[in-house]
Structures are given as structure tokens and as C-alpha cells.
Amino acid sequence: MPHSLISEIETKYIRSLVSKEKRVDSRRLNDIRPITIECGIVEKANGSARVTLGNTKVIVGVKAEIGTPYPDTPNSGVITCAAEFIPMASPYFEPGPPNEEAVELARVVDRGIRESKMVDLEKLCIIPNEKVWILFVDIYIIDHAGNLFDASSLAAVSALLTTKIPRTEVEDGKVKTLDERTSLPINNIPISLTFAKIDDQLCVDPILEEENVMDCRITIVYDVNNNLVAMQKGERGALTTQDIYKAVDLAETMTKEIREKYISPILKQEGS
Amino acid sequence: MEEIQGNSQIRLLTEDNLRLDGRKLDELRPIKLEVGVLSRADGSAYIEQGKSKILAAVYGPRELHPRHLAQPDEALLQCIYRMATFSVDERKSPAPSRRETELSKVITESLAPAVFLKYFPRASIDVYIQVIQADGGTRCSSITAASLALADAGIPLRDLVAACAAGKIDGKIALDLSDIEDKNGQADLPVAIMPRKKLTTLLQMDGFMTKEEFIEAYELAVKGCQKIYEMQREVLIQKYINIQDEVSEESSEQNRGG
């Protein structure tokens with residue numbers, strides 16, 4: 001759904017540029033906007049990250065609480081993602097409970113983290129059937145300038161990589177949290193990449209203006225071993241088989257680049 | 001109740017690659033389709049796919065409420081996917097879940113490219129999908145049924161939309177996963193296509209797949225969609241044959257009477 005009204009003339013301009021493999025902000029079709037990631041920006045959260053992707057800004061905070069596991073997974077911790085589209089981020093965002101776009105965003109970010117088994121949830125079990133760590137990954141959209149999926153996913157992953165939870169001891173069936181803190185058991189890191197389909201072209205990392213005129217988008221998530229772990233087509237257009245294969249191919253190499261350039265430094269920092 | 005978690009030890013395939021329900025890897029579950037099953041709706045359809053049972057109803061084009069949602073240049077298509085409380089093993093809360101919200105959105109988006117929405121500016125086309133029993137693959141079955149209900153309502157369409165999932169079970173690519181296969185398999189890939197236009201309108205994936213496995217699964221899912229499309233066509237054609245028979249019976253009775 002468009003986030004703003006867009007004039008016929010702007011639509012035509014964007015489309016004609018794309019047909020010549022050019023873009024409004026002078027990027028090439030396969031260029032990603034500059035990314036910055038700052039971790040640990042919220043001291044009161046167990047983990048946090050602010051990601052900028054061009055003008056798009058997202059803050060993710062992770063809060064860890066001890067709670068009861070789901071009955072069908074008594075030996076596993078829990079991760080839940082939620083997204084808040086706060087009104088400061090766009091003139092078209094309204095206060096209120098998450099709408100379907102926020103729900104879709106949170107669920108696609110969640111899918112990448114869950115399916116890649118990024119966090120070893122079984123290691124977050126404290127007392128089977130009774131006490132486990134519950135990680136709330138809350139995504140706040142601060143400035144919506146397009147491609148919320150990749151910005152949010154990167155922020156959520158970065159926040160989890162830098163999340164610290166207290167060590168625990170069990171005494172007489174009671175959980176005691178210690179002062180000493182430890183990182184999460186990380187197994188894998190999902191990286192997502194989104195394309196906008198505009199006419200016959202795929203534009204990587206679309207800005208808001210491009211999202212407003214796009215036919216549809218496709219998000220592809222790869223894990224550290226180049227396995228596909230999640231995918232989502234969105235909005236009311238359609239894709240050809242070639243579009244899909246092209247996106248899968250491009251995402252394979254480009255997620256690797258993002259991983260090396262932006263995630264490796266976080267891992268190095270954490271390791272030290 | 002003890003539930004078995006994904007990727008656990010449960011065997012989904014026999015040694016000669018037969019599945020728990022006796023199907024081959026590239027075999028669909030038995031599918032039953034009906035159109036015009038409801039009297040008040042403008043169009044309706046019913047699908048049974050394995051043990052999944054789903055109803056879809058279409059109302060519209062009709063006046064849109066609230067009016068501020070109206071789009072000046074086209075109709076607003078809205079699908080609402082809901083599961084009955086008794087449709088799953090453990091009673092589902094009747095409040096809409098986040099899953100239902102997301103599925104409503106992606107189902108709407110999978111059907112919208114097929115509908116001539118520009119013919120009905122400011123109007124609303126509402127599609128209500130009710131899952132009576134869920135046994136895996138309900139988003140795909142819902143799309144198949146909803147597309148039939150739109151056709152049954154006489155809404156102008158560019159194409160039908162047929163949907164089917166493929167996935168990975170015991171490391172092998174398989175068509176149309178059932179619930180137990182979805183829960184214990186390694187990946188699920190729901191796909192919807194507009195078969196005449198050769199366009200994909202729904203594509204989601206979760207699980208673990210290499211790129212090669214993805215391509216194999218996607219191609220298998222498209223083949224499944226094409227088989228389902230043939231069934232959709234048949235049931236629509238049969239609807240009009242039945243009407244023709246009724247009309248000719250009536251007119252011959254009238255002739256006799258006159």
C-alpha cells in the first residue's frame with residue numbers, strides 16, 4: 001500500500017529512469033544505500049542497535065525476561081518480534097495498535113531469525129517446563145525512507161548479536177540471576193535483501209519513492225552457509241520466474257557482501 | 001499433549017519414497033472443489049484438500065465502508081482469512097492472530113493482480129475465507145478457493161489464481177505438504193500463479209534450502225498450481241453446463257405446458 005500520494009509525473013519519471021537502469025538518487029539498480037550500524041545505544045536494554053539505510057532509520061531493542069516456555073516447546077527459550085510504526089516516522093503512520101504492514105514486517109524479520117536458528121533457543125532454557133529466557137525483539141521505525149524490511153532485519157540481528165543476559169543459578173527450584181552477564185548462544189546470522197519490481201526491472205534496496213510506484217517487492221533471506229531461509233513477496237503485483245531466479249542469484253552474492261562489510265566488524269568487536 | 005518439533009526424528013518417507021499418507025513426492029492430496037455453495041454471497045467456493053476444509057465467499061463490488069478508504073481510481077480488494085476455533089488440534093483463540101493478519105494481507109496481494117479493479121472505482125470487493133479444518137497448506141487452498149469465488153461472483157478477472165506449496169521433507173523436495181510434513185519437514189514454499197499469464201503472485205518460504213533445491217521446489221510447486229488450475233476450470237465450466245441444463249429443461253417444460 002502506498003505510503004504517500006504520488007503524482008503521475010513522478011511515477012513516469014521514476015519508471016522511465018528505471019527503464020534506463022537509472023534511479024532517482026543516482027544509484028545503479030544493484031547498489032545498496034550506505035549503511036551504518038551502532039550497537040548498544042540503549043543501556044537499559046539487554047541489546048540494541050540503530051541502523052541507518054540511506055535516510056531510513058530503525059532502532060531495535062532487545063529485552064530479556066524470565067518466563068514460562070510454550071507447552072509445545074518446554075525445553076526452549078522464546079523469541080518474539082514486534083514492530084512499531086510510530087507516527088514520527090512518516091506523515092502516513094498513525095498511532096494505534098500494529099496494522100497489517102507492521103505485522104508482516106515483524107513476522108518476516110522473525111522468520112529469518114527463527115528459520116536460520118540464529119539463537120540456540122534450547123540453551124535459553126533454565127528449568128525445563130518451568131523457566132526459560134524470553135527475548136522481546138522490538139523494532140521501532142524512526143524515519144521511513146523506504147526498505148524497512150532490510151533495515152529492520154539488520155537492526156534486529158545486530159541487536160541480538162550484542163545482547164547480554166545475566167547468568168543464572170538454580171537453587172531449590174528457584175532461579176537466581178547473577179551480576180555476571182553473557183552473550184546469547186548464536187548459531188547463525190540471517191541477512192535479508194529486498195528488491196522492488198518496477199516494470200521489468202528489479203531495484204535493490206528501494207527508497208520510498210520507488211516503493212510508491214513499484215509493482216511488488218520480494219525479500220530474500222540467506223544464512224551464513226548460503227542456504228535460503230526465508231522469502232516473502234509483497235504488494236499487489238506479480239513476478240515472472242526470471243524475476244525470482246534473478247533476485248535469488250543477486251541476493252546470494254549481495255548478502256555475502258553485507259555480511260562481510262557490516263556484520264563481521266560487530267562479531268570482531270564482540271569477540272574481543 | 002506431546003508435540004513433535006521441526007527437524008525431529010519422525011520419518012516422513014518410506015524407503016521407496018512414499019509419504020505417510022501413501023503419496024508419491026510429486027503427488028497432490030485429493031482435492032474437491034465446489035462453486036456457488038452459499039446463497040447470500042455474490043460468489044462462493046468450497047475446497048477440500050486432504051483434510052483441509054475451507055469456505056470462501058465474495059461480496060461486491062459494493063459500497064465501501066468506511067468511505068475514507070475508497071480509492072478514487074479502483075476498487076479496494078480485501079481478503080480476510082480466519083481459522084475456526086475448532087479447526088486445529090488445540091482450540092484456537094477466536095481473536096485474530098498475527099499469522100491470520102499476515103495471511104490476509106498476502107492472500108489479498110496474491111489475488112489483486114488478477115482482478116480488473118479499475119472497473120470499479122471507489123467500490124469494495126470483500127473476500128471472506130473461513131478455515132473449517134486446517135491440515136497444512138491452508139493459505140494456498142484459500143487462494144485457490146477465493147479465486148473461484150471471485151469468478152463465481154462474475155467479477156472480471158485477467159486469469160484465475162491457483163496456489164500450491166512445495167517443500168522439503170527428509171531432505172527430498174515434495175509437493176503439497178500436509179500439516180505433519182510441514183511441521184517436521186525442513187522447508188515450506190507456498191506459491192500462487194496466474195497460469196495463463198505465467199506470473200507468480202504469492203511467494204513465501206521458510207526453512208532451509210539451497211538455491212538448487214529452491215529452484216526444484218519452485219518448479220514443482222508451479223506444476224502443482226497448473227494441475228489445480230485445470231480442476232478450477234473444470235468446476236467453473238461444469239457450473240455453466242448445469243445452468244444450461246436447467247434452463248433447457250425449464251424451457252422444454254414450458255413448451256410442453258404451452
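Which strands of chain B does helix H1 (residues 98-111) of chain B lie across? Helix H1 of chain B lies across S4 and S5 of chain B and runs at about 140 degrees to S4(B). The legends below begin with the chains and then turn to this and other regions.

The model is predicted: local features need pLDDT of at least 70, side-chain atom pairs count only at pLDDT 80 or more, and totals for chains, interfaces and linings use all residues. Residues are numbered from 1 along each chain as its sequence is written, while chains are lettered from A and ligands numbered from 1 in the order in which they are written.

**View 1. The two chains and their elements.**
Chain A has five helices and twelve strands; helices (H or I, at least four residues) and strands (E, at least two) are DSSP runs, numbered from the N terminus. The radius of gyration of chain A is 20 Å, close to the 19 Å of the globule rule for 272 residues, so chain A is as compact as a globular protein of that length. This radius is taken over C-alpha atoms, and the rule is 2.2 Å times the number of residues to the power 0.38. The C-alpha trace of chain A spans about 70 × 40 × 35 Å along its principal axes. Chain B contains four helices and nine strands, in the sequence pattern β-β-β-β-α-β-α-β-β-α-β-β-α.

**View 2. The five-stranded sheet of chain B.**
An open sheet of five strands has the order S1-S2-S3-S5-S4 in chain B, with mixed pairing. Two strands pair if DSSP finds at least two bridges between them. The edge strands, S1 (31-35) and S4 (76-83) of chain B, each pair on one side only. Neighbouring strands of this sheet are turned by 15 degrees against each other on average, direction ignored; axes are lines fitted to C-alpha atoms, for helices over the stretch in contact, and angles run from 0 to 180 degrees between N-to-C directions. S4(B) and S5 (residues 123-133) of chain B run parallel and are joined by eight bridges. In S5(B), B:Asp126 is the bridge partner of B:Gln78. Helix H2 (residues 138-152) of chain B packs on the sheet, touching S1, S2 (43-49), S3 (52-63), S4 and S5 of chain B, and its direction makes about 150 degrees with that of S2(B).

Strands of a sheet pair through backbone hydrogen bonds, either parallel or antiparallel. Eight strands form an open sheet with antiparallel pairing, in the order S10(A)-S9(A)-S11(A)-S12(A)-S9(B)-S8(B)-S6(B)-S7(B). Its edge strands are S10 (201-204) of chain A and S7 (172-175) of chain B, each pairing on one side only. Within chain A, seven bridges join S9 (residues 191-198) to S11 (residues 216-222), which run antiparallel; in S11(A), A:Val221 is the bridge partner of A:Ser192. H2(B) packs on this sheet as well, touching S6 (162-169), S8 (187-194) and S9 of chain B.

**View 3. The contact between chains A and B.**
The contact takes 28 residues from chain A and 28 residues from chain B, where two residues are in contact if their C-beta atoms, placed from the backbone, lie within 7 Å. S12(A) gives the most to the side of chain A that touches chain B, with seven residues. Four bridges join S12(A) to S9 (residues 199-209) of chain B, and these strands run antiparallel. A:Ala230 has B:Asp206 in S9(B) as its bridge partner.

In soluble globular proteins, nonpolar side chains tend to be buried together. Not counting residues up to four places away in sequence, B:Ala149 touches B:Gly43, B:Ser44, B:Ala45, B:Ala56, B:Ala57, B:Val58 and B:Val127.

**View 4. An exposed residue of chain B.**
B:Glu246 is placed in helix H4 (residues 211-257) of chain B. B:Glu246 counts as exposed because 10 C-beta neighbours lie inside 10 Å. A residue is buried if 20 or more other C-beta atoms, placed from the backbone, lie within 10 Å of its own, exposed if 12 or fewer, and partly exposed in between.
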